[in-house]
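Please keep the sequence and the 3D view at hand while reading.

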Amino acid sequence: MSQAQFETNIPFETWDLDLLVDYVLKFHHRNTRKYGNELLERLNQLAANHPELDRVVDHFRNSIADLDLHCQKEENVLYPFILELFNAAELGQEHAPFHCGSIQFPINAMMADHSDEIERHDRIAELTNNYTAPEGAEPEYVKALADLKQFRNYLLEHIYVENEVIFPRALAIE
């Protein structure tokens, strides 16, 4: 992902690793599930009268399902170990090695998932003419596309924080 795709005024690089992990878990993972499912339901309802949204709904449904699995892997495997690494480093202690050698392997898998999601959301942007509702579309259509764009923006922030800040720092500690 290029820097041009995502800009922020939040100085994530200055945050401690455990705070970054908490932020991703409590803001991004929670909101991806909550608002993603709500938005999917709204898009499904709109697609009933707007067949041009069928492919958008398919892509978004697949995104929500894949993101849920992705978040589960981070929550159950990767982030607990990253927090162990951080805590050991803070206390000046050694840490046990990751069960499969290095966390580089699960990080590579997470980054591949990120690339897949960026491609999928690029397709959604294309299908929606960059989230622009057709002339005369009802307000819910306009709002749903705006929310879809916002979802993408949060997804890009999530990916940036992980790929550019959390993962490199965790690897440096390891």
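## The loop between α3 and α4

Tyr131 is found in the loop between α3 and α4, in what is a predicted model. With a relative accessibility of 9%, Tyr131 counts as buried, because the cut-off for that class is under 20% relative accessible area. The backbone of Tyr131 has a positive phi of about 65°, although the residue is not a glycine. Most residues other than glycine have a negative phi.

Asn129 lies in the loop between α3 and α4 as well, and it too is a non-glycine residue with a positive phi, here of about 50°. Asn129 counts as exposed, at 56% relative accessibility. Thr132, which has its place in the loop between α3 and α4, is partly exposed, with a relative accessible area of 44%. The C-alpha atom of Thr132 is separated by 8.1 Å from that of Ala146, a residue 14 places away along the chain.

## Overall architecture

The secondary structure of the protein consists of four helices and zero strands, which gives the pattern α-α-α-α when read along the sequence. Taken along the principal axes, the C-alpha atoms fill a box of roughly 60 × 30 × 25 Å.

Of the 174 residues of the protein, 40% count as buried. When contacts between residues at least 6 apart in sequence are considered, 80% of them join residues that are at least 24 apart.

## How the helices pack

Two packed helices are described by the angle between their axes and the distance between the axes. For α1 and α2 the angle is about 165° and the axes are 10 Å apart, and the two helices are therefore roughly antiparallel to each other. Their crossing is left-handed.

The axes of α2 and α3 come within 10 Å and cross at roughly 160°, so that α2 and α3 are likewise roughly antiparallel to each other. Here α2 passes α3 in a left-handed crossing. The residues making this contact include Arg55, Val56, His59 and Phe60 of α2, and on the side of α3 they include Arg120, Arg123, Ile124 and Leu127.

His59 has its place in helix α2 and is buried, with a relative accessible area of 17%. If residues up to four places away in sequence are not counted, His59 touches Arg120, Arg123, Ile124 and Leu127.

In soluble globular proteins, nonpolar side chains tend to be buried together. The largest nonpolar core of this model has 47 residues, of which Phe60, Ile82, Ile103, Leu148 and Ile166 touch the most other members. Helices α1, α2, α3 (104–127) and α4 each supply at least two residues of this core, and the largest share, 14 residues, comes from α4.

## Aromatic pairs

The structure holds six aromatic pairs. One of them joins Phe27 and Tyr154 in an edge-to-face arrangement, with 5.3 Å from centre to centre and 75° between the planes. Because Phe27 lies in helix α1 (residues 17–47) and Tyr154 in helix α4 (residues 139–173), this pair ties together parts that are 127 residues apart in sequence. Phe27 counts as partly exposed at 25% relative accessibility, and Tyr154 is partly exposed with a relative accessible area of 38%. Ring pairs link Phe27 and Tyr154 with Phe12, Trp15 and Tyr23 into a cluster.

Phe60 and Phe151 form an aromatic pair that is also edge-to-face, at 5.0 Å from centre to centre and with 80° between the planes. Since Phe60 lies in helix α2 (residues 54–90) and Phe151 in helix α4, the pair ties together parts that are 91 residues apart in sequence. Both Phe60 and Phe151 are buried, whereas Phe27 and Tyr154 are partly exposed.

Note on methods
Residues are numbered from 1 along each chain as its sequence is written. This is a predicted model: local features need pLDDT of at least 70, side-chain atom pairs count only at pLDDT 80 or more; totals for chains, interfaces and linings use all residues. Side-chain values use heavy atoms; hydrogens and water are left out. Rings of Phe, Tyr and Trp (its six-membered ring) pair if their centres lie within 6.5 Å; planes under 30 degrees apart count as stacked, over 60 as edge-to-face and the rest as tilted. Buried means under 20% relative accessible area, exposed over 50%, partly exposed in between (1.4 Å probe, protein chains only). Contact means heavy atoms within 4.5 Å. A nonpolar core is a set of buried Ala, Val, Leu, Ile, Met, Phe, Trp, Tyr and Cys residues joined through side-chain atoms within 4.5 Å. Axes are lines fitted to C-alpha atoms, for helices over the stretch in contact, and angles run from 0 to 180 degrees between N-to-C directions. Angles under 35 degrees count as roughly parallel, over 145 as roughly antiparallel, 65 to 115 as roughly perpendicular and the rest as oblique. A crossing is left-handed if the near helix is turned anticlockwise from the far one by less than a right angle, and right-handed if clockwise.
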